[in-house]
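Subject: Structure for you to look at, with notes

Dear colleague,

I am handing over the structure below, and I would be grateful if you could read the notes that follow with the model open beside them.

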Amino acid sequence: MRRRALLTSLATGTATLSGCSVLGSPRDEQSTVTPAPVPDEAGDGSAGNGTETDGSSTDESPTADGWPDDPASVIDLETGPRTYALGPTRFHTDDYADVRLAFDRTATADHPARVRGVLENANDFESTFRVEWLPAVGRVHGRQPDGYDHEARLHLVPTANNDLAETVPEVTRDDGYWYVADVGPWMTDTRRLDPGERVRVEYRLVGEQGTERPTGTYEFRGRDETVRIAVWDTTGPGPEAESRFAGRSVPVISRGDSEQTVQWYHEADASTRAFVRPSVERRALDGRIEFEMVNHSRETLRCGHWNLYKLADGQWYHVAPWGHTADCRGLAPGDRKTWPLRAFTGDPVPCDDHSGLTAGFLGGGIYAVVAGYGRNADASGALVELVGDPVEVVPTGDAAAERDGGTVTVTTDSYGDGERPADAALAMAPADDADEQSPSIPRSSPTREAADRRLIAEVLMRDRNRALRNALAHAADDVERVVVRTDERAVDRTLGYDSDRRRFRFRGQTYEARRAGNGD
């Protein structure tokens with residue numbers, strides 16, 4: 001009996017869609033807590049009867065020295081199979097309130113989980129702060145995960161050691177989790193602080209009676225920032241749904257001379273702590289699929305750039321994007337990152353949402369979306385089948401072609417425009433497979449995909465390959481040569497910046513492309 005249900009959704013779309021919204025898609029680690037600094041020794045005392053009360057507060061000032069700088073604070077509950085990850089552990093508001101928060105103990109049968117922190121006036125002048133708008137400080141009722149009503153909320157219940165509390169309610173534990181019956185209000189609305197002054201905050205993290213602490217993300221929303229507590233099953237942090245690709249073996253992804261190890265979604269199980277989960281695993285072109293990177297580990301994962309590949313004849317081909325920014329993006333424990341793919345068979349529909357990837361000229365087949373967040377692997381990825389016709393190779397919209405006998409000359413708008421980069425030309429002709437191979441394609445070439453230098457249409461139709469695209473769009477059995485008049489950048493991107501020629505195969509035919517001189 002399979003534990004997980006199949007993801008087999010197939011959605012349809014048309015090439016006449018406008019906009020993007022209509023493309024919508026339906027523990028091996030020890031339990032550890034990085035403790036927050038303890039502002040005083042007056043702690044909580046157990047009443048010994050399923051309730052908990054606080055000791056008295058002291059006048060000792062809180063300190064921010066030695067505060068953990070981890071992006072998230074993580075605990076495993078002893079009262080149930082739940083892991084909590086709180087983040088961010090530090091944030092600043094527009095009016096220069098500096099807030100630090102972290103767990104300093106987990107929940108047990110004797111006491112609930114506790115969050116400690118400080119609020120500091122980071123201005124060089126006296127200032128009044130709207131505590132009621134500070135997430136997880138004055139905003140102490142968490143918004144429940146999607147799909148649940150408000151009775152599934154988490155609450156940060158102030159203790160007697162909280163300098164901003166007006167009421168200190170009692171918390172209770174039934175047979176399982178700790179909860180609070182009176183949900184406030186508990187906190188002061190405002191607090192005026194001298195420059196550099198700090199006040200301490202301390203809370204017991206509890207829920208509501210009778211709920212099993214649904215997994216998901218609870219949000220404490222403020223005016224400028226949001227603090228989140230991600231909750232997952234400690235005993236089964238991995239995905240629940242079984243992939244339609246379960247049991248499938250896929251080749252290693254190679255980029256240049258290196259190979260990349262990938263934690264695939266279809267190979268994940270309940271123990272997998274970091275994975276990319278697709279909203280569906282099969283969709284008809286044109287369509288949209290969302291891929292969610294989930295980090296249920298205790299480490300920040302890096303570096304999180306996303307890539308799209310296509311599988312053809314047992315080999316992965318990198319389709320998009322061409323490049324990434326140089327930053328190394330991290331995914332903190334408990335965090336999730338969503339990356340939408342908007343896939344079209346022809347020209348893509350423009351989208352105001354610049355997240356993810358909008359890609360045109362994608363044909364039917366198996367694709368992989370891979371994120372650079374890896375745990376025990378270089379990256380995490382998921383397979384998806386796009387259903388549609390093969391890609392038609394067509395010239396760019398600015399290309400005009402003329403034929404003279406067996407030669408086709410294609411001229412683009414950048415040729416002869418008098419602007420930089422300078423004019424250049426590319427000549428392409430069919431080649432005999434037995435001919436001597438041209439020098440290796442340098443790494444700077446966008447189409448250095450494999451030793452046999454095969455191209456697929458999904459790669460050819462990318463904008464960086466426009467010169468070669470314009471050449472192959474006019475290739476035919478009765479065409480001996482195609483000359484594309486364009487600019488130096490387009491030719492360099494085809495041949496490589498240190499090469500004058502290259503040989504490749506496309507749809508069963510070998511071609512050779514070279515820089516064309518004045519006589520071509």
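Predicted model: local features only at pLDDT ≥ 70, side-chain atom pairs only at ≥ 80, totals over all residues.

The count of disulfides comes to one, where a disulfide is taken as a pair of cysteine sulfur atoms within 2.5 Å. The two partners are cysteine 303 and cysteine 328, whose sulfur atoms are 1.7 Å apart, and the link is left-handed, with -80 degrees about the S-S bond. Cysteine 303 lies in the loop between strand E22 (301–302) and strand E23 (306–312), while cysteine 328 lies in the loop between E24 and strand E25 (330–331), so the pair ties together parts that are 25 residues apart in sequence.

Residues are numbered from 1 along each chain as its sequence is written, and side-chain values use heavy atoms, with hydrogens and water left out.

Turning to the aromatic rings, the structure holds three aromatic pairs; rings of Phe, Tyr and Trp (its six-membered ring) pair if their centres lie within 6.5 Å, and planes under 30 degrees apart count as stacked, over 60 as edge-to-face and the rest as tilted. One of these pairs is formed by tryptophan 264 and tryptophan 316, which are stacked at 6.0 Å centre to centre with 20 degrees between the planes. Tryptophan 264 belongs to strand E18 (residues 262–264) and tryptophan 316 to strand E24 (residues 315–320), so this pair ties together parts that are 52 residues apart in sequence. Both tryptophan 264 and tryptophan 316 are buried. Another stacked pair consists of phenylalanine 504 and tyrosine 511, with 5.6 Å centre to centre and 25 degrees between the planes, and here too phenylalanine 504 and tyrosine 511 are buried.

The charged end of arginine 223 sits over the ring of tryptophan 133 at 4.3 Å from its centre, and arginine 244 lies over the face of phenylalanine 245, 5.3 Å from the ring centre.

As for strand pairing, two strands pair if DSSP finds at least two bridges between them. Seven of the nine residues of strand E29 (residues 379–387) are buried, so this strand is largely enclosed by the rest of the structure. Strand E18 runs parallel to E29 and is joined to it by three bridges, with glutamine 263 having serine 380 as its bridge partner in E29. Strand E20 (residues 282–284) is likewise parallel to E29 and joined by three bridges, and arginine 283 stands opposite leucine 386 in E29. Strand E28 (residues 365–371), by contrast, runs antiparallel to E29 over seven bridges, where tyrosine 367 has valine 384 as its partner in E29.

An open sheet of four strands has the order E19-E21-E26-E27 with mixed pairing. Strand E19 (274–278) and strand E27 (357–359) stand at its edges with a single partner strand each, so one side of each is left without a neighbour in the sheet. Within this sheet, strand E26 (residues 336–343) pairs with E27 in the parallel sense over three bridges, and alanine 343 has alanine 359 as its bridge partner in E27.

Finally, strand E30 (residues 400–404) and strand E31 (residues 407–411) pair in the antiparallel sense over five bridges. Their hairpin has two residues between the strands, and glycine 405 takes a positive phi near 65 degrees there. Strand E31 is also joined by five bridges to strand E34 (residues 481–487), and these two run parallel.

With best wishes

Conventions
Buried < 20%, exposed > 50% of the residue type's maximum accessible area, 1.4 Å probe, protein only. Lys NZ or Arg CZ within 6 Å of the ring centre and 35° of its normal.
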